[in-house]
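Visitor: I would like a close look at one part of this model. Please take me through it step by step.

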Amino acid sequence: MRRISINSISINAILVMVITATAFLASCSKRDDNIDLFDGLPPRLATLLVESDDSTLTLYARETGLETFVEAKRHFETLIQNMSQQNYLRHADILYPLQKRLSMVLAQEFDYDFCLNDLEFLQTFSPIERQEIMIKRANIWLTSYEPDLTYETRIDSLHGYSTTMAGIPDTYGVAIANMTLSCMYGAIGDRKREKSYLIDANNGFVELGFDRMICQALGVLGTIYEREGKVDSMEICYQTARELAIKSHLSDQISRFSYFYARRYSRMGRLALANDLFNEAIELCKKYKGGCLEIRFILHAMEFYADNSCWETVERMLARAKILDKIYEDSRYSNRFSLGIKIMEARLHMAHGEVKKANSLFSETKELNKTEPNFVNPDDHLYYWSKGLLDNGLAAEAIEIINHGLVNSRQKAQPREEIKFLTLKASAELEIGNVAEARKTIERFDAISPELKNPLMHEWITRDVIRAKIAMTEDDMTGALACVEEGLGRLRSFVDLMDISVQGYLWINECIELRRLMHELIAYDPKLGYGAELFWRSLPLNIGTKKTDPNTSYALALNATIGSGIAARPYPDGSFVDYLGTLTEKAISYMRELDAIHCMYIMDNNHITRFTLSPDGIQRATIPCTREELHSLVIETHKCMSGEEYTNGTADSADVHNNLSKLSQYLLPDDLYKYARPGTPRTLLITTDDFLSRIPFETFNIGSGGEYIPLLKDFDVAYLRYFETRNAPIRSDNPGIIIVNSHSSKSARNRFPFGRRLSFVKAEGQAVAALDKNAILLKGLDATKHEIMNRWEEASYLYFATHIMRDPEIPFLVLIPLETPEGSSSPESGYLDFTDIRSADFSRCNVVVLSGCSSGAPSVSTRNIGPSLGDAFLDAGAAVVISTFWDVKDEEAQTLMTSYARKLRTGGQSNIKALCGARRMLFNENPDSRNSFSWASYAVHTGGLKR
């Protein structure tokens, strides 16, 4: 995923450059012989700086506090920055002693570092010599941002500057040369020199006692250790730097390390923790009075939300960023932050399809970027612009922007950037029918890909899709299928290496075009199409199965893989087509054993396909309505059944029944009823896709003449996630665990919209426990994360009578809240998240019950639909998951689930028959429940056919 490249080195480095060098490179044309050096300072402080001794100045500092002296120090820095060169030389001998006195007080009284050692070093030179040193230092920084120079040329220049600074000798000059060299070597992929020069730079800053730059260097070094998988070393760097930043009151550095951790956890899929840390970075910047730097961390947070398609949250945060940008419009960072804000706003407009507004903003940022190339990577700016145009169907307009990106990346010898633009260009050229140019672009992709030491996953899959499409334009269907087969094999290999996280699931969904081509090329045979979809549904089971280092993040797990992309994993039964045929035959055999019918749905941009496996074989059909029409129908019906549109929670109107009749006609096979067996319901397995997972099929109206008869009356309806499990389940007679939590920790209640306390969950949990005397009941303070995770892999079942938290800002953030242990400071100790669940082994678990509100609802964003918590349990090996479609009333949940548990324990029924029987009984016996559809809120999901 692309993101604004707010260079972690450059922002703080440029702060130092402004302090020490900018004045000498940006001489003002105006001349003012009557400069008042103290104008703007508190009168008392101005007097003490001129007339008093150090002890009196120190007493004043104790009275007024840190901020007064920090602002005074910045006052002189700003004054120097705006002086003409002539005026600087006239006042330099006064300014340096004043800055030194302020720095001494800050260091001695507040442990606040402000380059004191370096000021003393510079004061040993005359103003003219000092100016020459400053110009050399500034040129070191500027060399790294020269867009017209290759990296090799810049590196040679930096080595020359380093030698010059060592001859002065200027310790700070050598250190910044080493830090900049580290950046350059990192950009060309020389990891050894990148790390070596950074360590040398840090040693120089330590010698000077320059806390800000020590924090800067340790932060970057920590990210290098993270990339290497040396998490302990990363932690040492981050913690050391953060403690130093707090000691020296460096607001931006304190917040920066919260951001580093947030970025790390985001890549690992720990969205809840990442979200907390992104917000913590903003709050810490406020707390330590970072002023305009708060905008920087708001921009970081917006990148996180934008990458997860949380555009409503981005819009809200943009409003805050704009207010701050206006307040601090005179700050030295104003142009940089305005640039970041405009780019994010342009991305927002593109996401909403407002192309004209986005183009206008991107054009503005193109000009701003020329003056602030160090803040936002110009290639990122062009990438967002061109990709937005392509996503909005404007391929011809996108090509012009893409070509600019290609020129830039080639001039700077950046193969990674070039490959990203090449895939965009090939897609755009193919879109406008320029097949020859698309083929030429892919050939260039293949030529430079060996230069990459780690593959770009999305780009490689896109490359295979484009090759298949090119073959199809030439009527070479065999060649196209071979390209798709290679892409699918490569996709499986990538999936093996991913972190077990929500992002991994979302990334698979983003490869939807490969799935579409797969079905298009084998549409001639319904059996192959059915097997192909079974194969696609099983991909999430393989996430993280071949990772060698559990601490390596999702984005970095590929560093140890093959150079030019990654080899496609072979299929176990020879060719891809043979493999699909084998899957289908196994499924047919298993369905016969179960005496079940299976309906599987596939969403495309234009239509919906249904595969039906019945005793008569496999049929493929296209649903007779548009995607948009069906989506509106599903959402409207869901709102009615869940009670969202009714204050009394009922939905017995003819309109709802009419909607359910339409859904039945659209989605169910015409001949389904001939397989029904009244009195002994047959199992009907449903595999949904996209928004269809939000509606209970068992409510579909199969009645006639105005009578409402739900599908559940004649079929035991269950939801099949995939065909085969990764590992064979282990039948377990171990005790089950019942987790009861009617409320959550204070921090969780402050953050999430829980509403009322769950007053019936305690009774529900105890009622279930009464049916199983061996069950382990964890409730209240005993229901901690540590206690649950210590026991849950051995449990024969898990029953959660708890809240389910869904963050309104991040649709993919779904958690099970727990009690936070006394004395715990870790925010993640108070909940179970997707990665906690998915990383466990539940192959001994016969059933997981998530008796909380909307526990089975998928994670929905504008981009795609992510997994639910129930999916996490199934993919971790649980045989069956029972969850809810919408919020349920406590008393209704208690009635239904107690009935289910009783049928399961005393009747010897399967989970599917027990839950369907309990719902059928509630539907038949309770007219109120029949009207409110509370009987339909719970559903049973199974992870595989062979159980």
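Visitor: In which loop is the place of Asp690?

Guide: This is a predicted model. Asp690 sits in the loop that runs between strand S4 (682-687) and S5. Its backbone deserves a look. Asp690 is not a glycine, yet its phi is positive, about 55 degrees. Most residues other than glycine have a negative phi. S4 and S5 belong to an open sheet of 11 strands. The order is S3-S2-S1-S4-S5-S16-S15-S12-S8-S6-S7, and the pairing is mixed. Strand S3 (617-622) and strand S7 (776-779) stand at the edges. Each has a single partner strand, so one side of each lacks a neighbour in the sheet. From one strand to the next, the twist averages 20 degrees. Strands of a sheet pair through backbone hydrogen bonds, either parallel or antiparallel.

Strand S8 (residues 797-802) and strand S12 (residues 847-850) run parallel, joined by four bridges. Tyr799 stands opposite Val849 in S12.

A helix lies over part of the sheet. Helix H38 (residues 911-925) lies across strand S5 (715-720), S12, strand S15 (880-884) and strand S16 (938-942). H38 runs at about 125 degrees to S5.

Asp595 lies in the loop between H29 and S1. Asp595 also has a positive phi of about 55 degrees, and it is not a glycine. With a relative accessible area of 28%, Asp595 is partly exposed.

The buried residues of helix H27 (residues 512-521) are Leu514, Arg515, Leu517, Met518, His519 and Leu521. Their cover includes strand S1 (596-603) and strand S2 (608-614). Helices take part too, including helix H24 (457-473), helix H25 (477-497), helix H28 (526-537) and helix H29 (576-594).

There is also an open sheet of three strands, in the order S9-S10-S11, with antiparallel pairing. Strand S9 (805-806) and strand S11 (831-832) stand at its edges. Each has a single partner strand, so one side of each is left without a neighbour in the sheet. Two bridges pair S9 with strand S10 (residues 814-817) in the antiparallel sense. Arg806 stands opposite Val814 in S10.

Next, a helix pair. The axes of helix H14 (residues 251-267) and helix H16 (residues 294-307) come within 11 Å and cross at roughly 5 degrees. That makes H14 roughly parallel to H16. H14 contributes Asp252, Ser255, Arg256, Tyr259 and Ser266 to the contact, and H16 contributes Arg296, Phe297, His300 and Phe304. By class, the contact has three nonpolar, three polar and three charged residues.

One more backbone detail. The peptide bond from Ile168 to Pro169 is cis, with omega near -5 degrees. Pro169 is found in the loop between helix H9 (151-167) and helix H10 (171-187). Most peptide bonds are trans.

Notes:
Residues are numbered from 1 along each chain as its sequence is written. This is a predicted model: local features need pLDDT of at least 70, side-chain atom pairs count only at pLDDT 80 or more; totals for chains, interfaces and linings use all residues. Side-chain values use heavy atoms; hydrogens and water are left out. Two strands pair if DSSP finds at least two bridges between them. Axes are lines fitted to C-alpha atoms, for helices over the stretch in contact, and angles run from 0 to 180 degrees between N-to-C directions. Contact means heavy atoms within 4.5 Å. Angles under 35 degrees count as roughly parallel, over 145 as roughly antiparallel, 65 to 115 as roughly perpendicular and the rest as oblique. Ala, Val, Leu, Ile, Met, Phe, Trp, Tyr, Cys and Pro count as nonpolar, Asp, Glu, Lys and Arg as charged, and the others, Gly among them, as polar. Buried means under 20% relative accessible area, exposed over 50%, partly exposed in between (1.4 Å probe, protein chains only).
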